[in-house]
Amino acid sequence: MSKMNKDPMHIYYELMLMNGASYVFQIAVKMGYLQAFSGGDKLSAKKISERLGYLETPSFFMLETLESLGIFEREKINKNPKEDLFSLSKVAAFLTGNYQNLSADYWEHLPTLLKEGTPYKKMDIVEESENEYQVQVKALEWMLTPTAAIAAKNYFSNNKKGISIIDVGAGSGVWSFSMLYEDPSSRVTLADWPAVLEVAKATALKNKISEKITTIEGNFHESTWPQDKFDVCTLGNVTHILTKEANQAIFKKIYNSLNKDGELLIFDVISEREDGHLARSLYKLGLCIRTVKGEVFLPDEMGPWLKAAGFKTFSFESLDIEPYSVGLFKAKK
Ligand SMILES: C[S@@+](CC[C@H](N)C(=O)[O-])C[C@H]1O[C@@H](n2cnc3c(N)ncnc32)[C@H](O)[C@@H]1O
């Protein structure tokens with residue numbers, strides 16, 4: 001159901017809550033509330049307000065709101081709620097890492113983008129891509145692991161095991177490593193920039209799968225890949241940073257690298273679910289902020305390019321997992 005048909009009061013309350021929550025979170029970050037707890041401390045509103053030099057009562061309500069958002073956990077000490085102890089929840093480890101401030105610096109660039117058209121980052125430009133993604137992919141891994149785990153489970157419940165996978169624009173390796181965790185008899189080749197692949201290699205070492213992976217390092221448009229070899233290619237969150245022409249070229253290259261029954265799995269922000277509408281819209285706007293030519297291409301647009309590359313059969317599904325914006329477009333040789 002589109003928002004147009006929703007109750008105006010519902011829309012108003014939703015907007016009011018999102019806006020309030022967003023302000024409280026950003027101000028809490030700016031005023032040091034998250035930082036003050038980063039050592040794992042459990043503190044009362046009194047203690048934290050003394051430590052930061054702020055007033056106790058509004059600090060208590062800040063913490064209570066952050067708790068309602070899932071950013072803090074709360075422990076009762078006695079009947080007086082003001083003495084409850086607050087500590088950072090698990091998600092806070094992520095919020096104090098790469099995606100600190102929920103990318104507030106990106107959103108603050110929006111007026112400049114609107115007026116001047118210049119993006120904040122150029123993550124799709126070859127010269128910047130390696131450095132930018134070296135920093136970003138660990139956070140992407142954190143966000144995408146549940147989705148990738150479900151996708152891997154689904155894949156192996158319908159297909160043979162012990163396969164050979166190429167993960168193009170692999171980043172952390174989240175898509176193909178999830179397949180390896182699901183089926184340890186499979187093998188993975190990762191194609192990405194050398195600095196980015198260091199991140200994937202460190203994960204592989206930690207998870208004891210190093211001997212199951214190989215890498216093809218460098219610009220994936222230029223590197224040499226084995227021909228007619230792979231059963232599956234995972235292409236996760238790559239189509240939206242490539243132009244139409246670059247997608248067409250990479251589809252052809254992937255086609256040639258797959259064996260005769262090979263399959264391409266494209267994961268991207270292409271879900272059709274209504275409950276993913278806001279996530280998709282923000283994502284597309286975010287792409288304008290962080291890329292020069294980034295664009296979300298839908299299966300209807302990619303289908304003809306895949307056909308031209310030689311792929312014969314196609315299927316699409318929206319993935320049933322938060323933020324309900326990721327879809328899987330499959331193309332078979
Ligand atoms: C949005 S990230 C996706 C990473 C991972 N597949 C995921 O879904 O988390 C895009 C990846 O493509 C890689 N990439 C982009 N352009 C590339 C190029 N020309 N050559 C090699 N890798 C490239 C980036 O380094 C990055 O790891």
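Figure 1. Contact here means heavy atoms within 4.5 Å, and helices (H or I, at least four residues) and strands (E, at least two) are DSSP runs numbered from the N terminus. Axes are lines fitted to C-alpha atoms, for helices over the stretch in contact, and angles run from 0 to 180 degrees between N-to-C directions. This is a predicted model, in which local features need pLDDT of at least 70 and side-chain atom pairs count only at pLDDT 80 or more, while totals for chains, interfaces and linings use all residues. Residues are numbered from 1 along each chain as its sequence is written, and side-chain values use heavy atoms, with hydrogens and water left out.

**Figure 2. Strand 9 and its two antiparallel pairings.** Strands of a sheet pair through backbone hydrogen bonds, either parallel or antiparallel. Strand 7 (residues 258-268) pairs with strand 9 (residues 327-332) in the antiparallel sense over 6 bridges; along this pairing, glutamate 263 stands opposite lysine 332 in strand 9, and leucine 264 stands opposite alanine 331. Strand 8 and strand 9 are also paired in the antiparallel sense, over 6 bridges, and here phenylalanine 316 stands opposite phenylalanine 329 of strand 9.

Figure 3. Glutamate 322 and proline 323 are joined by a cis peptide bond, with omega at about 0 degrees. Proline 323 has its place in the loop between strand 8 and strand 9.

**Figure 4. Helix 8 packed on helix 9.** Helix 8 (residues 126-158) packs with helix 9 at an angle of about 50 degrees, and their axes are 8 Å apart. Angles under 35 degrees count as roughly parallel, over 145 as roughly antiparallel, 65 to 115 as roughly perpendicular and the rest as oblique, and helix 8 and helix 9 are therefore oblique to each other. The crossing of helix 8 past helix 9 is right-handed; a crossing is left-handed if the near helix is turned anticlockwise from the far one by less than a right angle, and right-handed if clockwise. Residues of helix 8, including Leu144, Ala148, Ala152 and Phe156, meet residues of helix 9, among them Val174, Trp175 and Met179. The residues of this contact of helix 8 with helix 9 divide into 9 nonpolar, 3 polar and 3 charged, where Ala, Val, Leu, Ile, Met, Phe, Trp, Tyr, Cys and Pro count as nonpolar, Asp, Glu, Lys and Arg as charged, and the others, Gly among them, as polar.

Figure 5. The axes of helix 1 (residues 8-30) and helix 4 (residues 56-68) come within 10 Å and cross at roughly 120 degrees, in a left-handed crossing. Val24, Phe25, Ile27 and Ala28 of helix 1 meet Met62, Thr65 and Leu66 of helix 4, and the residues of this contact are 6 nonpolar, 1 polar and no charged. Helix 3 (residues 45-52) packs with helix 4 at an angle of about 115 degrees, with axes 9 Å apart, which makes helix 3 roughly perpendicular to helix 4. The contact joins Ala45, Lys46, Ile48 and Ser49 of helix 3 to Glu56, Ser59, Phe60 and Leu63 of helix 4.

**Figure 6. The two domains.** The protein is divided into domain 1 (3-96) and domain 2 (126-332), with bounds that come from an automatic or database domain assignment. Their centres, taken over C-alpha atoms, are separated by 36 Å, and 4 residues of domain 1 are in contact with 5 residues of domain 2.

Conventions: Pairing = 2+ DSSP bridges.
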